[in-house]
Structures are given as structure tokens and as C-alpha cells.
Amino acid sequence: MDLGIKGKRALIGASSKGLGRGCAEALAEAGVDLVLNARGADALEATADHIRATFGVEVTTVAADITSEEGRAAVIAAAGDVDILVTNAGGPPPGLWSDWDRDDFIAAIDGNMLTPIALIQAALPGMMERGWGRIVNITSGSVKAPIPQLGLSNSARAGLTGFVAGTARQVAHSGVTINNILPGIHATDRAVSLDTGVSKAQGISLDQAKAQREATIPAKRYGTAAEFGATCAFLCSQHAGFIVGQNILLDGGAINATL
Ligand code: NAP
């Protein structure tokens, strides 16, 4: 399918690896020029080189912490006018409700709520003026079904989801859509880190922790960054203009709910 976005320009936060990179590759395959970001310059440059060589699109890189004010400012300045924004950042650490103090909550809210909101606020005026835009936020399945040990993530992402629900409906008239994709478990470094926590807590191997988690998923496997990216690229396509303010769950059926 021709996604109809060849020649558009996209900013993708936290995109040297994992789900952000999956989105970057799928958009590049559709002919979109990219602005990529991550803190570590080496992996970021390697990803950018791979995408340029594979898809022949323009790729600009900004090595910066997207959750810091200076990092965001650098990314926004380098990005300029973008047609597509994919917000993403690392997830907060797991723990118990009693582990976290105010500073921990502020850090999580900064990273997974206020950072995407700031990027959306920076991108929206230009998109609305030009009459076209696509914004996709990478959130988490925990928005629909809270994951007890991810209380920081549950809290911050619920806040972002509320903001998007209202804002998407305020801007849809101008040809700009905002939606969220909610990943269940995907085979990325984040999954390895979560499985490592389980293996240590239960005294089992990493493979056993992964197999145990896979057994709970109707699809009996983890999702891939490529599948995730393809969904993101579709939401950013010309065909998705009537999808507004939705929360699209990609979890292999793990959350047992009708809607
Ligand atoms: P990942 O594989 O760990 O990749 C994280 C990417 O983000 C890397 O490129 C990393 O590069 C970059 N990054 C992290 N923190 C950053 C920051 N502060 N500023 C700029 N770049 C940053 O993670 P993932 O699995 O793709 O997850 C992406 C998001 O989805 C996370 O918020 C995660 O919590 C959420 N999620 C993931 C899953 C899953 O199963 N994978 C499930 C539910 C939710 P640097 O480290 O070099 O900065």
C-alpha cells in the first residue's frame, strides 16, 4: 500500500533502538525524511547510517536527552517544521508503591507526560497552519490495564492519555490527527531489562523469565519493532486521517478485554 507520505518530514524521539527505531524504519520505507534522537551518539549514528543506506531518505540526528529542557530545545530546533511527530522516551523503572518519592514521580511525569506534551505543543502550530499533520505517542498497554510494578509509568502515561484525548479533538478540524500506540511486550532492550528483573526476583534464568511471560500472551511471543513501526507508519499515512484520539493496543491479545 502506498502510504502517501513520501517527501514528508518526521521527528521521532528516542529512536536509535527499539520501538522508536521501528517507527523510523517504517516511515523511511514510506519515503519520509527523518530527524532522529537518542542520548547515545554511537547507536544513533549507526541507525541513521543504516536508514540512509537502506531507504535513501535524509536523516538528521540530535544526540540529546529528550526529557531535559535543553535536550528538547535542541531537538525542536534541529527538527524545524515537521509533518509527523512520534513521541517516545525511555520508560520509568519498576518498583513498589512505597519505593517512590516526589522526585521519582516528577522524573516520570517529566519523561513520559510533560516531554511528549511539550513536543506536541511545539509541533502543532505549524502543522495546523499547513493543514496537515500526524502525531503518534508511544505509551503503553499499562494505560488500559495497569501493570502493578510500573506505578510510575501507569501514572505518567495516564496523564498524557488524558491530554491527548482532549487535544486530538480540538485540532482534528485542521487536518492534524493525534493518536497513541500502546505496546504490550515487544522484543527490545526494555523487555530484556524487565525480564532481567523477573529472573533476579524469582531466581530463574533470563530465558525462563521470557518463556514464562510469552506463555501469558495469546500470540505466545513478543511483538517486533517492525510490526510496531508498520502500525505507526499507517497511523501517519494519508489513509488514517479519520482516526482521531485513539489508543491502539498492540499486545498479541495479552490484555483480556472486549474493547
Ligand atoms: P528501548 O529498546 O530501551 O529503546 C529506547 C530508545 O530510546 C533507545 O534508542 C534509547 O537510546 C532512547 N532513549 C531512552 N531514553 C531516552 C531519553 N531520555 N532521551 C532520548 N532518547 C532516549 O525501549 P523500547 O522498548 O523501544 O520502549 C520505548 C517506550 O515504549 C518506552 O517508554 C517503554 O517504556 C515503552 N514500552 C515498551 C514496551 C516493550 O515491551 N518494549 C512495552 C510497553 C511500553 P539512548 O539510551 O542512547 O538514549
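View 1. S199 touches I204, S205, L206 and A209, leaving aside residues up to four places away in sequence; contact means heavy atoms within 4.5 Å. This is a predicted model, in which local features need pLDDT of at least 70 and side-chain atom pairs count only at pLDDT 80 or more, while totals for chains, interfaces and linings use all residues. Residues are numbered from 1 along each chain as its sequence is written, and side-chain values use heavy atoms, with hydrogens and water left out. S199 is buried, at a relative accessible area of 12%. Buried means under 20% relative accessible area, exposed over 50%, and partly exposed in between (1.4 Å probe, protein chains only).

**View 2. The salt bridge of D195 and R213.** The closest N and O atoms of this pair are 2.8 Å apart. The pair links distant parts of the chain, with D195 in helix 6 and R213 in helix 7 (residues 206-214), 18 residues apart. D195 is buried, with a relative accessible area of 3%, whereas R213 is partly exposed at 22%. A salt bridge is a side-chain nitrogen of Lys or Arg within 4 Å of a carboxyl oxygen of Asp or Glu. The whole structure has seven salt bridges.

**View 3. The salt bridge of R221 and E227.** Here the closest N and O atoms are 2.6 Å apart. R221 is partly exposed, with a relative accessible area of 38%; E227 is partly exposed, at 35%.

**View 4. The aromatic pair of the structure.** The structure holds one such pair. W100 and F105 are arranged edge-to-face, 6.1 Å centre to centre and with 85° between the planes. Rings of Phe, Tyr and Trp (its six-membered ring) pair if their centres lie within 6.5 Å; planes under 30 degrees apart count as stacked, over 60 as edge-to-face and the rest as tilted. W100 is buried at 14% relative accessible area, while F105 is partly exposed at 28%.

Key:
Helices (H or I, at least four residues) and strands (E, at least two) are DSSP runs, numbered from the N terminus.
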